Amino acid sequence: MRHKPIVIVLITVTAMWLAWQKLLPIEQQTHETSTPRVTSSTSLTVDKEPVLSLSDASTSLAKPSIHQCTNELAQYENQRLRYFTTLNYQALLRQGYSLDQVTLAIAHFLGPSHATTWRYQQLKANTQMAQRIATASQQFSENTATELLVQPHSPQPWLLEKLAHPSFSLAPGQQLYVDDIAWLISNIDILDAQIVTVIKHFDDINLVVSQDYADALRLIDLAARAGRIEVVKALLNKGAALSDDNYLPSTLEWAIWGLSNAPQSRWPDYVEVIELLTSQGARAAFIYNEKGDIIEAQGRRFKLTAERIQQIYTHHQLDFDSLWQRDALHLDLAQPLIQQLQQRADQQLVISQQLKSRLSQCPSLLREFRTDWQPLGLAHALAQVSYEGDVDLATLNARSVQLYECYTRNQARNAERTVHHSQAAKAYLKVLRREGLEAALASLYQQPLTEALRRDLFYASLSRVGAQSFTRLQSSQLGQSQLDYVRLPAGLTLPQLREYLPRFDSHGHSLLYYAISHYDTELLTQLVAAGVPYHQGITAMDPLALSLQGIELFAGQAPSLQVLDEVMTYQPSLTPWHRSMLALIARKNPALYQQLHTRHPQLRHQDAPLPEYDCSSQF
């Protein structure tokens with residue numbers, strides 16, 4: 001939490017001053033902002049409104065496909081998001097809308113996290129550092145001298161020196177800042193008694209702490225979060241106001257958040273803080289899950305388990321249900337500001353009537369599709385397999401082709417990450433990053449390497465230096481007798497791979513798998529012409545299954561259809577998995593399914609069921 005010394009040149013300070021000028025100062029007692037200042041406005045103006053357009057590249061259809069709905073709704077939402085992220089919401093404050101009204105509008109159009117961040121920014125306009133920057137900038141504007149503004153280090157060095165003495169006092173010219181005290185509170189090595197002594201010499205205790213914290217915290221919030229009971233008492237005695245913003249965490253909620261992370265030895269301190277705050281009228285609002293855990297307080301996610309809650313009640317008689325409950329801001333879609341911003345967005349977003357008609361059908365179509373197809377993902381499948389026994393690739397492959405494929409790809413990614421855990425690998429990769437491949441290979445000279453480490457370093461090197469170093473790596477001590485095509489990077493060419501044309505990898509994949517997975521149509525055509533074998537059958541994710549998966553994900557866009565055409569030259573037999581994938585394509589995109597059947601009449605789903613599992617991130 002320490003500040004690093006920051007030297008701000010005149011130009012930077014002036015720019016920051018202009019930025020602060022755009023922010024309307026918000027009263028620190030934010031719980032008073034809930035009273036609307038404006039109930040309606042027919043002259044709403046918003047700075048810098050972009051003019052957006054949404055193209056309609058689709059042909060006229062009476063009923064859109066699932067793919068169309070997914071893609072067009074995503075495009076529409078992205079355009080709306082772009083519109084609302086570029087609005088100047090400070091302009092709405094200047095027009096008389098309350099902080100609460102604007103906050104809820106942002107929450108509705110951009111989401112709660114954006115609203116929380118924006119609301120914090122408004123409160124940050126009142127920080128002591130912001131006020132100092134503004135004052136210094138005004139002075140610079142009156143004096144053209146090229147002076148520098150130096151932000152003091154927090155804590156200031158003299159403060160730490162004075163803390164070591166029994167009597168604490170300020171020398172002439174010395175000034176405490178709120179960030180100094182915030183640092184003391186957050187430092188576990190500083191005693192409560194020392195902080196209390198410093199607080200006696202500081203009067204602006206309700207200032208918001210500056211840029212070291214993402215949240216708009218006051219000293220009372222920090223002390224409660226740290227469970228510093230004596231500091232909380234001292235601040236209250238000096239008239240510290242409890243944070244009770246109706247959209248942000250309260251002082252009491254910060255104390256509970258601290259308790260959720262505290263060791264059992266600190267529970268008595270936190271319980272005393274909570275009881276003291278409650279006696280002063282502090283309030284909180286919790287969200288419980290079905291297990292009775294407290295998981296959220298005013299947008300701040302944490303976890304205070306039901307077991308811990310019971311233990312705290314047993315040992316300290318603290319009943320969370322008895323704490324004063326407070327109301328939070330609630331979204332009202334009938335709020336005039338939300339309606340007016342929505343109308344303005346609709347005016348700015350140029351959309352054809354045909355596309356608008358299609359989009360209006362999409363929500364019900366998507367709901368119907370999600371009802372029809374509710375596949376289970378990788379985590380659920382692994383849990384099932386683990387419950388029945390150890391995760392076995394053969395079992396996983398028999399259960400679902402796509403899950404097997406997803407699992408092996410995840411294993412490859414995990415291997416890439418875990419290679420960094422070995423000290424030998426860390427040393428090798430450090431040399432590779434700083435000095436290059438040859439120096440890294442030389443560093444391995446006469447080092448004992450396990451087969452697993454050789455394999456991991458081979459693929460880690462390939463991913464960093466690129467496919468052009470494949471031949472050099474294969475001729476080194478890291479060379480692999482059997483390649484894992486799942487882990488090879490894109491960009492390998494036929495001359496580099498010629499030796500491996502007839503070979504299969506450990507999963508039974510041929511090089512067709514490599515070319516298809518990277519959508520390298522040029523290499524795929526060369527491999528087909530060279531007579532590369534189709535598949536060995538260890539996994540059912542053969543080239544046709546991989547091609548259909550790509551067609552389903554990318555809605556038949558190039559080059560997925562070209563890949564399919566090359567694969568179909570092998571005249572593969574259709575398996576239940578193939579038909580299941582075709583059934584999914586037919587359900588999501590009937591026109592695309594008809595196109596596939598026209599190109600290759602044998603591609604029929606024959607009323608196969610939809611896939612039971614799906615580990616892709618796509619819909």
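Colleague: In this predicted model, which residue lies over the face of Trp254?
Modeller: A charge counts as sitting over a ring if, for Arg, CZ is within 6 Å of the ring centre and within 35 degrees of the ring normal. Over the face of Trp254, at 5.5 Å from the ring centre, lies Arg225.

Colleague: How many aromatic pairs does a search of the whole structure find?
Modeller: Rings of Phe, Tyr and Trp pair if their centres lie within 6.5 Å. With the whole structure searched, the number of aromatic pairs is nine.

Colleague: Are the rings of Phe84 and Phe109 stacked or edge-to-face?
Modeller: A pair of aromatic rings is described by the distance of the centres and the angle of the planes. For Phe84 and Phe109 the centres are 4.0 Å apart and the planes are at 10°. Planes under 30 degrees apart count as stacked, so the pair of Phe84 and Phe109 is stacked.

Colleague: Which helices hold Phe84 and Phe109?
Modeller: Both Phe84 and Phe109 are buried. The pair links distant parts of the chain, with the two residues 25 residues apart. Phe84 is in helix 2 (residues 66-85) and Phe109 is in helix 4 (residues 99-110).

Colleague: What is the angle between the planes of Phe369 and Trp373?
Modeller: Phe369 is buried, with a relative accessible area of 0%, and Trp373 is buried, with 9%. Their rings form an aromatic pair, 5.8 Å centre to centre. The pair is tilted, and the angle between its planes is 50°.

Colleague: Is Ser560 buried or exposed?
Modeller: Ser560 is placed in helix 28 (residues 560-568). Leaving aside neighbours within four places in sequence, Ser560 is in contact with Tyr519, Gly550 and Ile551. Buried means under 20% relative accessible area; the value for Ser560 is 2%, so Ser560 is buried.

Colleague: How many residues of the contact of helix 29 with helix 30 are nonpolar?
Modeller: Helix 29 contributes Leu582, Ile585, Ala586 and Lys588, and helix 30 contributes Pro590, Leu592, Tyr593 and Leu596. Lys counts as charged. The contact has one charged residue and no polar ones, and its nonpolar residues number seven.

Note on methods. Residues numbered from 1 in each chain as written. Predicted model: local features only at pLDDT ≥ 70, side-chain atom pairs only at ≥ 80, totals over all residues. Heavy atoms only, no water. Helix = DSSP H or I, 4+ residues; strand = E, 2+ residues; numbered from the N terminus. Buried < 20%, exposed > 50% of the residue type's maximum accessible area, 1.4 Å probe, protein only. Contact = heavy atoms within 4.5 Å. Phe/Tyr/Trp six-rings, centres within 6.5 Å; stacked < 30°, edge-to-face > 60°.
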